Amino acid sequence: MYVSGTDPQSDAFEELAMPLFDQLYNFAYWLTQNREETEDLVQETYVKALKGFSTFQSGTNFRAWMYRILRNTFLTSRTGLKATMTVSLDAEEDGPALASERETPETVLMERSDWQRVQRAIEDLPVAFREILLLCELEEMSYREIAETLSVPMGTVMSRLSRARRMLAERLRR
Amino acid sequence: MVCEPWKTQLDKYLDGELPSEQMHAFDAHVRSCGSCAAEALARVQMKRTIQAAGKRFVPSAEFRRRMQQSIEAKPRRGVAGLGWMIATATLIFLAAGLAITSLGRRQQAVQERQLYSELADLHVGTLASSSPVDVVSSDRHTVKPWFQGKIPFAFDLPELENSEFSLLGGRVTYLEQTPGAHLIYKLRKHDISVFIFPAGVSRSKKEEPSAVTKNLSFNLESWSQGGLWYCIMGDASRADIHQLAELLKRSTGLPVS
């Protein structure tokens with residue numbers, strides 16, 4: 001016999017997970033760029049997270065845990081696989097760009113851009129750079145949280161983030 | 001290139017990722033170096049722009065409800081007497097109702113904050129612009145017709161002859177992809193924004209008329225009237241904002257909802 005209802009586990013999960021719903025949805029939409037896929041992705045993320053909630057260690061970072069599930073779910077989806085196939089992460093260990101390479105793009109941006117232009121430029125970034133930029137700027141995650149979410153070392157976070165910012169600036173300069 | 005070492009660390013500084021003693025050193029350097037200060041400012045503006053542009057997609061109410069239900073309806077195997085089941089189901093129903101209400105309220109509050117932040121951005125951004133209004137006129141009979149064909153509705157503006165307010169002009173603006181009117185009024189040294197949108201512009205807004213409230217240090221008042229949603233925002237006093245709201249409400253002559 002199945003009894004439909006809540007249990008303490010799902011209550012605790014709901015309390016932690018539902019406040020993240022809007023931001024996870026927004027982030028998912030940036031990844032998939034499609035409403036139906038976003039809804040599927042968010043739904044699957046919540047189902048997986050609820051199932052695996054007993055393995056979540058309380059006291060650790062729940063937000064990074066949820067984002068990691070969402071991102072991994074996305075990467076194994078059809079759209080995710082297609083998106084990542086076109087990404088080259090070559091020269092990831094190049095380290096941060098020299099200051100002189102980034103002399104004016106922000107100035108150019110502030111003079112000429114509007115939100116829609118920035119949105120188009122972010123959309124245009126390969127997914128690996130789009131996600132790291134949004135995790136840092138929109139979700140205001142620390143480098144450590146980003147490293148945890150993306151399962152990459154801190155050094156990679158810094159170099160990839162730097163490259164993402166450079167790529168965004170280049171797109172805005174066009 | 002004395003500043004080269006500083007500039008390579010600038011992103012880490014602005015992301016708050018330097019150790020505290022380096023943060024202090026950076027603070028001191030930025031205060032004394034015009035070049036680094038200018039670059040820091042530009043990058044901060046860039047961060048803010050990305051942040052604002054990134055908040056873009058909102059789940060539908062229907063999807064939110066589905067998600068909520070799928071979490072709450074997690075199946076659980078068990079054998080129990082009918083009485084126990086009914087009692088449990090009743091309790092669950094009540095608890096879920098409370099949880100939904102409280103979650104719904106919390107989400108509504110967050111969305112409301114986002115909406116008013118967006119309006120505050122429009123207000124500040126417009127005033128900071130070198131040409132804040134597209135139609136420059138203190139005459140409501142000039143400003144109102146200017147919007148014809150530019151926005152999908154018409155509105156009334158109050159006669160200001162016997163008040164301290166003056167109309168500076170207006171511009172077309174957008175909120176959640178919906179076009180609306182943005183009017184700027186002057187009161188002594190204060191600039192006040194009046195936003196007018198179709199009443200269905202955003203589910204995040206307050207449905208009932210608000211008293212003057214404080215949001216992001218601005219005073220604001222909002223209400224719906226005649227199928228339109230009005231929001232007044234500015235750094236003028238609460239009483240002044242309310243007075244302008246009353247003038248606008250009276251000019252329309254329709255019931256406020």
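Visitor: What does the model score overall?

Guide: The scores are ipTM 0.80 and pTM 0.53.

Visitor: And what is the average pLDDT of chain A?

Guide: The average for chain A is 81, with 78% of the residues at 70 or above; pLDDT is the predictor's confidence in each residue, from 0 to 100. Residues 1-5 of chain A have a pLDDT below 50, and beyond near neighbours in sequence this stretch has 13 contacts in the model, a contact being two residues whose C-beta atoms, placed from the backbone, lie within 7 Å. Under 50 as well is the pLDDT of residues 93-104 of chain A, for which the model has 18 contacts beyond four places in sequence.

Visitor: Which part of chain B has a pLDDT below 50?

Guide: Chain B averages 81, and 80% of the residues score at least 70. The pLDDT is below 50 over residues 75-81 of chain B, a stretch with 10 contacts in the model beyond near neighbours in sequence. Where pLDDT is low, the predicted coordinates should not be read in detail.

Visitor: How do α9 and α10 of chain A pack?

Guide: Helix α9 (residues 143-150) and helix α10 (residues 154-173) of chain A pack at an angle of about 100°, and their axes are 9 Å apart. The axes are lines fitted to C-alpha atoms, for helices over the stretch in contact, and angles run from 0 to 180 degrees between N-to-C directions. The two helices α9(A) and α10(A) are therefore roughly perpendicular; angles under 35 degrees count as roughly parallel, over 145 as roughly antiparallel, 65 to 115 as roughly perpendicular and the rest as oblique.

Visitor: Which residues meet there?

Guide: From α9(A), the residues A:Y143, A:R144, A:I146 and A:A147 meet A:M154, A:V157 and A:M158 of α10(A).

Visitor: Which residues of α9(A) are buried, and what covers them?

Guide: The buried ones are A:I146, A:E148, A:T149 and A:L150, and their cover includes α4 (62-75), α8 (127-137) and α10 of chain A. Just after α9(A), A:S151 takes a positive phi of about 55°.

Visitor: What about A:R165, buried or exposed?

Guide: A:R165, which is found in helix α10 of chain A, counts as buried because 25 C-beta neighbours lie inside 10 Å. Leaving out residues up to four places away in sequence, A:R165 touches A:L133 and B:D11.

Visitor: Switching to chain B, what is its secondary structure?

Guide: Chain B has eight helices and eight strands, and 25% of its 257 residues count as buried.

Visitor: How do β3 and β4 of chain B run?

Guide: Strands β3(B) and β4(B) (residues 178-187) run antiparallel and are joined by 10 bridges; two strands pair if DSSP finds at least two bridges between them. B:L167 stands opposite B:Y185 in β4(B), and in the hairpin of these strands, with two residues between them, B:E176 takes a positive phi near 50°.

Visitor: Which strand pairs with β3(B) over two bridges?

Guide: Strand β2 (residues 135-136) of chain B pairs with β3(B) (residues 165-175) in the antiparallel sense, and B:V135 has B:G170 as its bridge partner in β3(B).

Visitor: Last one: is B:S166 buried or exposed?

Guide: B:S166, placed in strand β3 of chain B, is exposed, with 12 other C-beta atoms within 10 Å. Not counting residues up to four places away in sequence, B:S166 touches B:S138, B:L160, B:Y185 and B:K186.

Key. Residues numbered from 1 in each chain as written. Chains lettered and ligands numbered in written order. Predicted model: local features only at pLDDT ≥ 70, side-chain atom pairs only at ≥ 80, totals over all residues. Helix = DSSP H or I, 4+ residues; strand = E, 2+ residues; numbered from the N terminus. Buried ≥ 20, exposed ≤ 12 C-beta atoms within 10 Å, placed from the backbone.
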